[in-house]
Amino acid sequence: MAPDDKIYLTKESLKQYQERLKHLQEVARPQVIEEIKEARNQGDLSENAEYDSARDKQAAIENEIAELQHILDNYELIKSTNNNTIRIGSTIEILSLQNDKIQTISIVGSLDADPFSGKISNTSSLAKALMGKTAGDLVEVDAPTKYKVKVLSIK
């Protein structure tokens, strides 16, 4: 796996993924296996809607388990930073030079990104432009419409 393919997670999201995987493996999977057994006992499988539904549910659970296992096998924990240089895990206060608005954002992994909560993906244009910068730097963001921001502070 290339370094850019790493899945960056916060401690909180890592815990959520681990809990979800445990729930699927220990609760949901056994439940759906029971549903399949009960549906099989109803007779003809070719016209058994409950059996088909249970098998579809089982496939969805197995797919989600595989997806979660992939995430948990390939994650890198975002360490909090008390650094003067912006990197993944940094919380930054920026000033948009276009509209003079001050914004506080955190750079997180793509699975944790939530722009409405101020959490931007490390793969976003803004995050890529900010990486490695320090407080006071003017940064041009390479987006469909280029714009500039000033780094006010790094927390």
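Two residue pairs, both at pLDDT 80 or more, are in polar contact between domain 1 and domain 2; a polar contact here is a pair of N or O atoms within 3.5 Å, where within protein one must be able to donate a hydrogen and the other to accept it, and residues adjacent in sequence count only if both atoms are side-chain atoms. The rule finds zero salt bridges across that same interface, a salt bridge being a side-chain nitrogen of Lys or Arg within 4 Å of a carboxyl oxygen of Asp or Glu. Keep in mind that this is a predicted model, where local features need pLDDT of at least 70, side-chain atom pairs count only at pLDDT 80 or more, and totals for chains, interfaces and linings use all residues. Residues are numbered from 1 along each chain as its sequence is written, and side-chain values use heavy atoms, with hydrogens and water left out.

**The two domains**
- Domain 1 covers 7-77 and domain 2 covers 85-154, with bounds taken from an automatic or database domain assignment.
- Their C-alpha centres sit 37 Å apart.

**The interface**
- Seven residues of domain 1 touch five residues of domain 2, contact meaning heavy atoms within 4.5 Å.
- About 470 Å² is buried between the two domains, with carbon and sulfur atoms giving 64% of it; buried area is the accessible area (1.4 Å probe) that two parts lose on being put together, summed over both.
- Y8, T10 and Y17 supply 73% of what domain 1 buries against domain 2, more than any other three residues.

**The domain 1 side**
- On the side of domain 1 that touches domain 2, β1 (7-9) and α1 (11-40) each supply at least two residues; helices (H or I, at least four residues) and strands (E, at least two) are DSSP runs, numbered from the N terminus.
- The top contributor to that side is β1, with three residues.

**Salt bridges elsewhere**
- The structure holds seven salt bridges.
- One of them pairs E19 with K15, the closest N and O atoms being 3.9 Å apart.
- Both E19 and K15 lie in helix α1, four residues apart, or about one turn of the helix.

**UniProt annotations**
- An unreviewed UniProt entry lists residues 51-78 as "coiled-coil region"; such annotations may be inferred rather than shown by experiment.
- In the model, residues 51-78 are 82% helix and 11% strand, with end C-alpha atoms 43 Å apart.
- UniProt (unreviewed entry) also lists residues 83-155 as "domain: Transcription elongation factor GreA/GreB C-terminal".
- That 83-155 span is 8% helix and 38% strand, and its end C-alpha atoms lie 8 Å apart.
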